[in-house]
Amino acid sequence: MKRKIIITGGAGFIGSHVVRLLVNKYPDYQILNLDSLTYAGNLANLRDIEEKENYTFIKGDITDEAFIENLFQTEKPDSVIHLAAESHVDRSIKDPLAFAKTNILGTMILLNAFKKLWSGQWDNKLFYHVSTDEVYGSLGEKGLFTETTSYDPNSPYSASKASSDHFVRAYGETYDLPYVISNCSNNYGSYQFPEKLIPLFINNIINNKSLPVYGDGNYTRDWLYVVDHAIAIDLIFHKGVLKETYNIGGFNEWKNIDLVKLLCQQMDAKLNRDSGTSEKLITYVKDRPGHDLRYAIDASKINTQLGWEPSVTFEEGLSKTIDWYLNNEDWLKNVTSGDYLKYYDKQYS
Ligand code: NAD
Ligand code: TYD
(Lines give C-alpha, C1' and ligand atoms only; values in the text may rest on other atoms or scores of the structure.)
(Ligands and ions follow the chains in the order given, each with its own letter.)
Protein backbone atom coordinates (compact mmCIF):
# COMPACT_ATOMS: atom_id res chain seq x y z
CA MET A 1 0.00 0.00 0.00
CA LYS A 2 1.28 3.46 -0.88
CA ARG A 3 1.34 5.88 2.00
CA LYS A 4 1.46 9.60 2.51
CA ILE A 5 3.05 10.27 5.88
CA ILE A 6 3.55 13.54 7.69
CA ILE A 7 6.58 13.16 9.95
CA THR A 8 6.73 15.97 12.49
CA GLY A 9 10.11 17.04 13.88
CA GLY A 10 11.89 15.41 10.94
CA ALA A 11 14.71 17.96 10.99
CA GLY A 12 15.67 17.03 14.57
CA PHE A 13 17.92 14.28 15.83
CA ILE A 14 15.71 11.18 15.84
CA GLY A 15 13.28 12.57 13.25
CA SER A 16 16.04 12.99 10.67
CA HIS A 17 17.01 9.33 11.08
CA VAL A 18 13.37 8.25 10.69
CA VAL A 19 12.91 10.44 7.61
CA ARG A 20 16.14 9.11 6.05
CA LEU A 21 15.18 5.49 6.68
CA LEU A 22 11.65 5.79 5.29
CA VAL A 23 12.58 7.95 2.28
CA ASN A 24 15.30 5.48 1.24
CA LYS A 25 13.39 2.30 2.05
CA TYR A 26 9.99 3.20 0.58
CA PRO A 27 10.36 5.06 -2.74
CA ASP A 28 6.58 4.69 -3.25
CA TYR A 29 5.70 6.55 -0.08
CA GLN A 30 5.38 10.30 0.06
CA ILE A 31 7.22 11.60 3.10
CA LEU A 32 6.35 15.11 4.24
CA ASN A 33 8.71 16.46 6.88
CA LEU A 34 6.88 19.07 8.97
CA ASP A 35 9.23 21.03 11.21
CA SER A 36 9.34 24.61 12.51
CA LEU A 37 13.18 24.52 12.69
CA THR A 38 13.71 25.51 16.30
CA TYR A 39 17.29 25.64 17.60
CA ALA A 40 17.17 21.80 17.51
CA GLY A 41 15.95 21.49 13.92
CA ASN A 42 18.51 21.58 11.16
CA LEU A 43 18.01 20.89 7.46
CA ALA A 44 21.69 20.03 7.21
CA ASN A 45 20.69 16.78 8.96
CA LEU A 46 18.96 15.71 5.74
CA ARG A 47 21.29 16.91 2.97
CA ASP A 48 21.76 13.38 1.60
CA ILE A 49 18.05 12.82 0.90
CA GLU A 50 16.64 16.32 0.34
CA GLU A 51 16.58 15.93 -3.45
CA LYS A 52 14.68 12.63 -3.42
CA GLU A 53 11.37 12.71 -5.27
CA ASN A 54 9.39 11.13 -2.44
CA TYR A 55 10.55 13.76 0.08
CA THR A 56 9.12 17.23 0.82
CA PHE A 57 10.04 19.64 3.57
CA ILE A 58 7.30 21.85 5.01
CA LYS A 59 8.26 24.57 7.44
CA GLY A 60 5.49 24.96 9.99
CA ASP A 61 4.66 25.04 13.67
CA ILE A 62 2.48 22.30 15.15
CA THR A 63 1.02 24.83 17.59
CA ASP A 64 -0.35 26.94 14.71
CA GLU A 65 -3.86 25.52 14.59
CA ALA A 66 -5.08 27.20 11.39
CA PHE A 67 -1.91 26.27 9.53
CA ILE A 68 -2.01 22.64 10.65
CA GLU A 69 -5.68 22.21 9.84
CA ASN A 70 -5.19 23.69 6.40
CA LEU A 71 -2.12 21.53 5.77
CA PHE A 72 -3.98 18.35 6.69
CA GLN A 73 -7.00 19.28 4.56
CA THR A 74 -4.74 20.06 1.61
CA GLU A 75 -2.28 17.16 1.83
CA LYS A 76 -4.63 14.50 3.25
CA PRO A 77 -1.93 12.36 4.89
CA ASP A 78 -3.08 8.84 5.76
CA SER A 79 -0.58 8.72 8.61
CA VAL A 80 1.34 10.89 11.02
CA ILE A 81 4.57 9.96 12.77
CA HIS A 82 4.80 12.57 15.49
CA LEU A 83 8.25 13.39 16.84
CA ALA A 84 8.21 17.21 17.04
CA ALA A 85 8.79 18.27 20.61
CA GLU A 86 10.82 20.33 22.97
CA SER A 87 13.09 17.54 24.14
CA HIS A 88 15.72 18.69 26.64
CA VAL A 89 15.06 18.26 30.38
CA ASP A 90 17.36 21.13 31.44
CA ARG A 91 15.57 23.56 29.14
CA SER A 92 12.21 22.36 30.52
CA ILE A 93 13.34 23.30 34.02
CA LYS A 94 14.06 26.85 32.85
CA ASP A 95 10.99 27.28 30.61
CA PRO A 96 8.25 24.72 31.37
CA LEU A 97 5.52 26.61 29.50
CA ALA A 98 7.29 26.23 26.18
CA PHE A 99 7.16 22.46 26.76
CA ALA A 100 3.46 22.48 27.59
CA LYS A 101 2.79 24.50 24.46
CA THR A 102 4.66 22.37 21.94
CA ASN A 103 4.38 18.95 23.53
CA ILE A 104 0.79 19.05 24.80
CA LEU A 105 -1.02 21.69 22.76
CA GLY A 106 0.92 20.87 19.59
CA THR A 107 0.03 17.17 19.91
CA MET A 108 -3.63 18.02 20.46
CA ILE A 109 -3.71 20.29 17.42
CA LEU A 110 -2.32 17.45 15.29
CA LEU A 111 -4.83 14.99 16.76
CA ASN A 112 -7.70 17.40 16.04
CA ALA A 113 -6.58 18.00 12.48
CA PHE A 114 -6.23 14.26 11.87
CA LYS A 115 -9.64 13.59 13.44
CA LYS A 116 -11.30 16.31 11.41
CA LEU A 117 -9.81 14.90 8.21
CA TRP A 118 -10.62 11.21 8.66
CA SER A 119 -13.28 10.81 11.37
CA GLY A 120 -15.46 7.81 10.44
CA GLN A 121 -13.03 6.71 7.69
CA TRP A 122 -10.31 5.28 9.90
CA ASP A 123 -9.33 2.28 7.71
CA ASN A 124 -5.61 2.28 6.91
CA LYS A 125 -5.01 5.48 8.87
CA LEU A 126 -2.51 5.78 11.70
CA PHE A 127 -1.33 8.36 14.21
CA TYR A 128 2.03 7.19 15.57
CA HIS A 129 3.08 9.10 18.68
CA VAL A 130 6.77 8.91 19.59
CA SER A 131 7.38 9.23 23.30
CA THR A 132 9.92 8.62 26.01
CA ASP A 133 10.55 6.27 28.93
CA GLU A 134 10.84 9.37 31.15
CA VAL A 135 7.03 9.39 31.52
CA TYR A 136 7.42 6.45 33.92
CA GLY A 137 9.47 8.52 36.37
CA SER A 138 12.44 7.05 38.18
CA LEU A 139 13.40 3.48 39.03
CA GLY A 140 15.32 2.52 42.17
CA GLU A 141 18.38 0.27 41.94
CA LYS A 142 16.28 -2.63 40.60
CA GLY A 143 13.37 -3.22 38.19
CA LEU A 144 12.52 -2.26 34.62
CA PHE A 145 9.85 -0.12 32.97
CA THR A 146 7.22 -2.23 31.20
CA GLU A 147 4.30 -1.02 29.07
CA THR A 148 2.04 -1.26 32.14
CA THR A 149 4.25 0.72 34.54
CA SER A 150 2.27 3.65 35.98
CA TYR A 151 3.10 7.09 34.71
CA ASP A 152 4.99 9.15 37.31
CA PRO A 153 6.82 11.99 35.53
CA ASN A 154 9.18 14.24 37.50
CA SER A 155 10.39 16.93 35.09
CA PRO A 156 8.36 19.46 33.13
CA TYR A 157 9.62 17.69 29.99
CA SER A 158 8.44 14.25 31.08
CA ALA A 159 5.18 15.67 32.45
CA SER A 160 4.44 17.28 29.10
CA LYS A 161 5.25 14.06 27.21
CA ALA A 162 3.12 12.04 29.65
CA SER A 163 0.24 14.42 29.07
CA SER A 164 0.60 14.12 25.30
CA ASP A 165 0.58 10.31 25.58
CA HIS A 166 -2.64 10.51 27.60
CA PHE A 167 -4.29 12.71 24.97
CA VAL A 168 -3.35 10.31 22.18
CA ARG A 169 -4.86 7.41 24.13
CA ALA A 170 -7.93 9.46 25.01
CA TYR A 171 -8.54 10.27 21.33
CA GLY A 172 -8.28 6.54 20.61
CA GLU A 173 -10.88 5.71 23.25
CA THR A 174 -13.19 8.66 22.65
CA TYR A 175 -13.07 9.11 18.89
CA ASP A 176 -11.69 5.70 17.84
CA LEU A 177 -8.65 7.44 16.36
CA PRO A 178 -6.17 4.70 15.34
CA TYR A 179 -2.88 5.21 17.15
CA VAL A 180 0.25 3.51 18.38
CA ILE A 181 2.66 4.90 20.97
CA SER A 182 6.25 3.96 21.62
CA ASN A 183 8.25 4.95 24.69
CA CYS A 184 11.97 4.81 24.10
CA SER A 185 15.04 5.12 26.31
CA ASN A 186 17.93 7.60 25.81
CA ASN A 187 19.15 7.76 22.22
CA TYR A 188 22.64 8.60 20.98
CA GLY A 189 24.21 8.84 17.53
CA SER A 190 24.88 11.25 14.68
CA TYR A 191 23.08 14.60 14.33
CA GLN A 192 22.23 14.88 18.05
CA PHE A 193 22.30 18.48 19.23
CA PRO A 194 25.24 18.95 21.62
CA GLU A 195 23.15 19.85 24.66
CA LYS A 196 22.48 16.18 25.53
CA LEU A 197 25.11 14.27 27.47
CA ILE A 198 27.01 12.35 24.77
CA PRO A 199 27.39 14.96 21.99
CA LEU A 200 27.97 17.72 24.57
CA PHE A 201 30.83 15.78 26.09
CA ILE A 202 32.27 14.79 22.69
CA ASN A 203 32.33 18.47 21.70
CA ASN A 204 33.88 19.48 25.02
CA ILE A 205 36.59 16.82 24.78
CA ILE A 206 37.45 17.98 21.26
CA ASN A 207 37.78 21.52 22.62
CA ASN A 208 39.49 20.56 25.90
CA LYS A 209 36.59 21.99 27.91
CA SER A 210 35.46 20.62 31.27
CA LEU A 211 32.92 17.77 31.36
CA PRO A 212 30.15 18.86 33.76
CA VAL A 213 28.87 15.68 35.47
CA TYR A 214 25.72 16.40 37.49
CA GLY A 215 25.71 15.35 41.15
CA ASP A 216 27.78 12.26 41.94
CA GLY A 217 27.45 10.84 38.41
CA ASN A 218 25.71 7.71 39.71
CA TYR A 219 22.57 8.25 37.65
CA THR A 220 21.73 5.43 35.26
CA ARG A 221 20.36 5.58 31.73
CA ASP A 222 19.58 2.85 29.17
CA TRP A 223 21.25 3.91 25.89
CA LEU A 224 20.06 3.04 22.40
CA TYR A 225 21.75 3.78 19.07
CA VAL A 226 19.43 6.14 17.17
CA VAL A 227 19.43 4.05 13.98
CA ASP A 228 18.00 1.16 16.00
CA HIS A 229 15.25 3.45 17.28
CA ALA A 230 14.41 4.45 13.69
CA ILE A 231 14.28 0.75 12.70
CA ALA A 232 11.93 0.06 15.63
CA ILE A 233 9.68 2.95 14.58
CA ASP A 234 9.50 1.58 11.01
CA LEU A 235 8.56 -1.84 12.39
CA ILE A 236 5.92 -0.52 14.79
CA PHE A 237 4.49 1.75 12.10
CA HIS A 238 3.97 -1.22 9.77
CA LYS A 239 3.39 -4.14 12.14
CA GLY A 240 2.38 -2.66 15.49
CA VAL A 241 -1.07 -3.45 16.84
CA LEU A 242 -3.45 -0.49 16.92
CA LYS A 243 -3.96 1.19 20.30
CA GLU A 244 -0.94 -0.59 21.74
CA THR A 245 2.15 0.84 23.39
CA TYR A 246 5.67 -0.49 22.78
CA ASN A 247 8.68 0.14 24.99
CA ILE A 248 11.98 0.43 23.14
CA GLY A 249 15.32 0.18 24.93
CA GLY A 250 18.90 -0.81 24.45
CA PHE A 251 19.24 -3.57 27.12
CA ASN A 252 22.17 -1.31 27.91
CA GLU A 253 22.35 0.42 31.29
CA TRP A 254 25.23 2.72 32.15
CA LYS A 255 25.91 4.90 35.14
CA ASN A 256 26.74 8.34 33.79
CA ILE A 257 30.22 8.38 35.25
CA ASP A 258 31.11 4.98 33.75
CA LEU A 259 29.77 6.07 30.37
CA VAL A 260 31.77 9.30 30.51
CA LYS A 261 34.94 7.37 31.35
CA LEU A 262 34.39 5.01 28.39
CA LEU A 263 33.79 8.02 26.15
CA CYS A 264 37.02 9.63 27.42
CA GLN A 265 39.01 6.45 26.69
CA GLN A 266 37.62 6.12 23.17
CA MET A 267 38.20 9.82 22.44
CA ASP A 268 41.80 9.73 23.74
CA ALA A 269 42.54 6.81 21.41
CA LYS A 270 40.91 8.47 18.40
CA LEU A 271 42.54 11.86 19.04
CA ASN A 272 45.96 10.28 19.72
CA ARG A 273 46.00 11.77 23.19
CA ASP A 274 47.68 10.04 26.14
CA SER A 275 45.34 7.67 27.92
CA GLY A 276 43.74 9.51 30.87
CA THR A 277 43.94 12.98 29.26
CA SER A 278 40.18 13.47 28.74
CA GLU A 279 39.21 12.02 32.13
CA LYS A 280 41.04 14.95 33.71
CA LEU A 281 38.33 17.20 32.23
CA ILE A 282 35.61 15.57 34.38
CA THR A 283 34.15 18.12 36.79
CA TYR A 284 31.36 17.33 39.23
CA VAL A 285 28.81 20.16 39.17
CA LYS A 286 25.56 21.06 40.93
CA ASP A 287 22.89 18.43 40.39
CA ARG A 288 19.87 18.82 38.12
CA PRO A 289 16.72 19.44 40.23
CA GLY A 290 14.31 16.48 40.21
CA HIS A 291 17.03 14.31 38.63
CA ASP A 292 15.66 10.80 37.96
CA LEU A 293 17.98 8.18 39.44
CA ARG A 294 17.55 5.41 36.93
CA TYR A 295 15.77 4.54 33.68
CA ALA A 296 15.78 1.00 32.25
CA ILE A 297 13.45 -0.53 29.72
CA ASP A 298 12.01 -3.99 29.50
CA ALA A 299 11.87 -4.25 25.70
CA SER A 300 10.64 -7.84 25.64
CA LYS A 301 7.28 -6.96 24.06
CA ILE A 302 8.74 -5.44 20.88
CA ASN A 303 11.42 -8.14 20.92
CA THR A 304 9.06 -11.12 21.11
CA GLN A 305 6.07 -9.69 19.20
CA LEU A 306 7.85 -7.80 16.42
CA GLY A 307 11.29 -9.45 16.43
CA TRP A 308 13.19 -6.23 17.07
CA GLU A 309 16.53 -6.03 18.87
CA PRO A 310 19.39 -3.52 18.89
CA SER A 311 21.84 -4.11 16.02
CA VAL A 312 25.02 -2.71 17.57
CA THR A 313 26.75 -3.00 20.91
CA PHE A 314 27.19 0.20 22.91
CA GLU A 315 30.96 0.20 22.34
CA GLU A 316 30.41 -0.03 18.56
CA GLY A 317 27.64 2.56 18.51
CA LEU A 318 29.63 4.98 20.63
CA SER A 319 32.69 4.55 18.45
CA LYS A 320 30.65 5.21 15.27
CA THR A 321 29.08 8.24 16.95
CA ILE A 322 32.43 9.75 17.93
CA ASP A 323 33.76 9.13 14.41
CA TRP A 324 30.76 10.93 12.95
CA TYR A 325 31.32 14.04 15.12
CA LEU A 326 35.05 14.02 14.37
CA ASN A 327 34.33 13.78 10.63
CA ASN A 328 31.61 16.43 10.67
CA GLU A 329 33.40 19.30 12.30
CA ASP A 330 31.54 21.86 10.16
CA TRP A 331 28.16 20.59 11.33
CA LEU A 332 29.34 20.76 14.93
CA LYS A 333 30.85 24.23 14.55
CA ASN A 334 27.71 25.47 12.87
CA VAL A 335 25.36 24.36 15.66
CA THR A 336 27.66 25.46 18.49
CA SER A 337 27.96 29.10 17.48
CA GLY A 338 25.59 31.96 18.28
CA ASP A 339 22.70 31.08 20.59
CA TYR A 340 24.37 27.85 21.70
CA LEU A 341 27.06 29.82 23.50
CA LYS A 342 24.43 31.86 25.33
CA TYR A 343 22.63 28.66 26.37
CA TYR A 344 25.88 27.10 27.50
CA ASP A 345 26.86 30.05 29.67
CA LYS A 346 23.42 30.21 31.26
CA GLN A 347 23.30 26.47 31.97
CA TYR A 348 26.85 25.86 33.14
CA SER A 349 28.30 29.11 34.46
P1 NAD B 1 15.11 17.17 18.93
O2 NAD B 1 15.00 18.23 19.96
O3 NAD B 1 16.44 16.81 18.37
O4 NAD B 1 14.18 17.51 17.67
C5 NAD B 1 12.91 18.04 17.82
C6 NAD B 1 12.47 18.54 16.46
O7 NAD B 1 11.13 19.07 16.60
C8 NAD B 1 13.33 19.69 15.92
O9 NAD B 1 13.61 19.48 14.56
C10 NAD B 1 12.45 20.92 16.10
O11 NAD B 1 12.70 21.94 15.15
C12 NAD B 1 11.06 20.33 15.96
N13 NAD B 1 10.05 21.13 16.65
C14 NAD B 1 10.09 21.58 17.93
N15 NAD B 1 8.99 22.31 18.19
C16 NAD B 1 8.24 22.32 17.05
C17 NAD B 1 6.99 22.88 16.70
N18 NAD B 1 6.30 23.62 17.58
N19 NAD B 1 6.50 22.66 15.47
C20 NAD B 1 7.19 21.93 14.57
N21 NAD B 1 8.40 21.37 14.84
C22 NAD B 1 8.91 21.55 16.07
O23 NAD B 1 14.41 15.89 19.58
P24 NAD B 1 14.76 14.35 19.46
O25 NAD B 1 15.77 14.01 20.48
O26 NAD B 1 15.01 14.02 18.05
O27 NAD B 1 13.38 13.71 19.94
C28 NAD B 1 12.34 13.49 18.99
C29 NAD B 1 11.15 12.87 19.72
O30 NAD B 1 11.54 11.65 20.33
C31 NAD B 1 10.57 13.75 20.83
O32 NAD B 1 9.19 13.63 20.81
C33 NAD B 1 11.17 13.15 22.09
O34 NAD B 1 10.31 13.36 23.19
C35 NAD B 1 11.25 11.69 21.72
N36 NAD B 1 12.30 10.91 22.40
C37 NAD B 1 13.59 11.36 22.43
C38 NAD B 1 14.58 10.59 23.04
C39 NAD B 1 16.02 11.02 23.06
O40 NAD B 1 16.85 10.34 23.69
N41 NAD B 1 16.41 12.07 22.37
C42 NAD B 1 14.23 9.36 23.62
C43 NAD B 1 12.89 8.94 23.57
C44 NAD B 1 11.94 9.72 22.95
P1 TYD C 1 20.48 13.98 28.96
O2 TYD C 1 21.35 13.66 27.78
O3 TYD C 1 20.09 15.40 29.20
O4 TYD C 1 19.21 13.04 28.85
P5 TYD C 1 18.00 12.79 29.92
O6 TYD C 1 18.02 13.83 30.95
O7 TYD C 1 16.81 12.89 29.03
O8 TYD C 1 18.25 11.41 30.46
O9 TYD C 1 21.20 13.47 30.27
C10 TYD C 1 21.60 12.10 30.43
C11 TYD C 1 22.18 11.96 31.82
O12 TYD C 1 23.38 12.74 31.91
C13 TYD C 1 21.26 12.51 32.90
O14 TYD C 1 21.37 11.69 34.07
C15 TYD C 1 21.81 13.90 33.19
C16 TYD C 1 23.30 13.73 32.94
N17 TYD C 1 24.00 14.95 32.46
C18 TYD C 1 25.13 15.40 33.12
O19 TYD C 1 25.61 14.79 34.11
N20 TYD C 1 25.74 16.54 32.65
C21 TYD C 1 25.27 17.23 31.59
O22 TYD C 1 25.85 18.29 31.22
C23 TYD C 1 24.10 16.75 30.91
C24 TYD C 1 23.53 17.47 29.72
C25 TYD C 1 23.50 15.59 31.37
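Biologist: Which atom of ligand 1 does the side chain of Asp61 reach with a polar atom, and at what distance?

Modeller: A nitrogen atom of ligand 1, and the distance to the polar side-chain atom of Asp61 is 2.8 Å. Keep in mind that this is a predicted model.

Biologist: Okay. What about Lys161 and ligand 1?

Modeller: An N or O atom in the Lys161 side chain sits 2.7 Å from an oxygen atom of ligand 1.

Biologist: And Leu83, which part of that residue faces an oxygen atom of ligand 1?

Modeller: The backbone. One of the N or O atoms there, in Leu83, is 2.9 Å from an oxygen atom of the ligand.

Biologist: How many residues surround ligand 1, and which are the closest?

Modeller: There are 29 around ligand 1, and the closest are Ile14, Asp35, Ser87, Tyr157 and Lys161.

Biologist: Let's switch to ligand 2. Which residues come nearest there?

Modeller: Glu134, Arg221, Arg288, His291 and Tyr348, out of 20 residues around ligand 2.

Biologist: How far is the Glu134 side chain from an oxygen atom of ligand 2?

Modeller: An N or O atom of the Glu134 side chain is 2.5 Å from an oxygen atom of ligand 2. Asn186 also has a side-chain N or O atom facing an oxygen atom of ligand 2, at 2.9 Å. For the side chain of Asn256, the distance from an N or O atom to an oxygen atom of ligand 2 is 2.9 Å.

Biologist: You mentioned Tyr348. Which side chain does Tyr214 pair with in a polar contact?

Modeller: With Tyr348: the two side chains make a polar contact at 3.2 Å.

Biologist: Where does Tyr214 sit, and is it buried or exposed?

Modeller: Tyr214 belongs to strand β8, residues 211-214. Its relative accessibility is 13%, so Tyr214 counts as buried, the cut-off being under 20%.

Biologist: What else does Tyr214 touch, apart from residues up to four places away in sequence?

Modeller: Quite a list, including Asp90, Tyr219, Val285, Lys286 and Asp287. Arg288 and His291 are among the residues Tyr214 touches too, and both of those are also among the residues that come nearest to ligand 2.

Biologist: How far is Tyr214 from Gly120?

Modeller: They're 94 residues apart in sequence, and their C-alpha atoms are 50 Å apart in space.

Biologist: Now helices. At what angle do α6 and α12 cross?

Modeller: Roughly 100°, with the axes of α6 (residues 197-206) and α12 (residues 339-348) coming within 14 Å. Angles of 65 to 115 degrees count as roughly perpendicular, so that is the label for α6 against α12.

Biologist: Which residues make the contact?

Modeller: From α6 it's Leu200, Asn203 and Asn204, and from α12 it's Tyr340, Tyr344 and Tyr348. Sorted by class, that contact has four nonpolar residues, two polar and no charged ones.

Biologist: New topic: where is Lys243, and what is its phi?

Modeller: Lys243 is in the loop between α7 (226-239) and β10 (245-248). Its phi is near 65°, a positive value in a residue other than glycine. Lys243 has 30% relative accessibility, so it counts as partly exposed.

Biologist: And Asn272, what's its phi, and is it buried or exposed?

Modeller: Phi of Asn272 is near 55°, positive as well, in a residue other than glycine. With 72% relative accessibility, Asn272 counts as exposed. Look for Asn272 in the loop between α8 (256-270) and β12 (282-285).

Biologist: Where's Ser155, and which backbone nitrogen lies 2.9 Å from a polar atom of its side chain?

Modeller: Ser155 is in the loop between β5 (126-132) and α5 (156-175). The backbone nitrogen is that of Ser158. At 8% relative accessibility, Ser155 counts as buried. Leaving aside neighbours within four places in sequence, Ser155 is in contact with Val89 and Ser92.

Biologist: Last one, Arg20: which helix is it in, and is it buried or exposed?

Modeller: Arg20 lies in α1, residues 13-25. It counts as buried, at 15% relative accessibility. Beyond its neighbours within four places in sequence, Arg20 is in contact with Asn45, Leu46, Asp48, Ile49 and Tyr191.

Note on methods
Residues are numbered from 1 along each chain as its sequence is written. Chains are lettered from A and ligands numbered from 1 in the order in which they are written. This is a predicted model: local features need pLDDT of at least 70, side-chain atom pairs count only at pLDDT 80 or more; totals for chains, interfaces and linings use all residues. Side-chain values use heavy atoms; hydrogens and water are left out. Axes are lines fitted to C-alpha atoms, for helices over the stretch in contact, and angles run from 0 to 180 degrees between N-to-C directions. Helices (H or I, at least four residues) and strands (E, at least two) are DSSP runs, numbered from the N terminus. Angles under 35 degrees count as roughly parallel, over 145 as roughly antiparallel, 65 to 115 as roughly perpendicular and the rest as oblique. Contact means heavy atoms within 4.5 Å. Ala, Val, Leu, Ile, Met, Phe, Trp, Tyr, Cys and Pro count as nonpolar, Asp, Glu, Lys and Arg as charged, and the others, Gly among them, as polar. Buried means under 20% relative accessible area, exposed over 50%, partly exposed in between (1.4 Å probe, protein chains only). A residue is near a molecule or strand if one of its heavy atoms lies within 4 Å of it. A polar contact is a pair of N or O atoms within 3.5 Å; within protein, one must be able to donate a hydrogen and the other to accept it, and residues adjacent in sequence count only if both atoms are side-chain atoms.
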